[in-house]
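Subject: Structure for you to look at, with notes on its salt bridges

Dear colleague,

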Amino acid sequence: MPQRSFHRTDRLNAELRREVGVLVHAAVRDNALPQASVVDVDASRELDVATVWVTALQPERAVELMKALKGLAKEFRHQL
């Protein structure tokens, strides 16, 4: 059976995707924002920066959603 290697960043990305997804879901619910889904997270090799990809389920309200999530980014970092 071939072994598949899982790097630390891969495991961290998966965990961050779950945790950020929970935070985004709560923010959407609490702030009456359009529905969103966290698609992917990519942490840097040094684990100091992570890029989060989010999809708005109502594309016509995507700008509103992204503006609100960017405003909540500092709170998200604190909670993580």
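With which residue does Arg18 form a salt bridge, and how far apart are the closest N and O atoms? The partner is Glu15, and the closest N and O atoms of the pair are 2.8 Å apart, where a salt bridge is a side-chain nitrogen of Lys or Arg within 4 Å of a carboxyl oxygen of Asp or Glu. Before going further, please note that this is a predicted model, in which local features need pLDDT of at least 70 and side-chain atom pairs count only at pLDDT 80 or more, while totals for chains, interfaces and linings use all residues. Residues are numbered from 1 along each chain as its sequence is written, and side-chain values use heavy atoms, with hydrogens and water left out.

Searching the whole structure gives four salt bridges. Arg18 and Glu15 lie three residues apart in helix 1 (residues 8-30), so about one helical turn separates them; helices (H or I, at least four residues) and strands (E, at least two) are DSSP runs, numbered from the N terminus.

Another of the salt bridges joins Asp40 to Arg17, with 3.8 Å between the closest N and O atoms. This pair links distant parts of the chain, as Asp40 is in strand 1 (residues 36-43) and Arg17 in helix 1, 23 residues apart. Asp40 is partly exposed at 32% relative accessibility, and Arg17 is likewise partly exposed at 33% (buried means under 20% relative accessible area, exposed over 50%, partly exposed in between, with a 1.4 Å probe and protein chains only).

Finally, Arg29 and Asp30 form a salt bridge at 3.7 Å, N to O, and both residues are exposed.

Best regards
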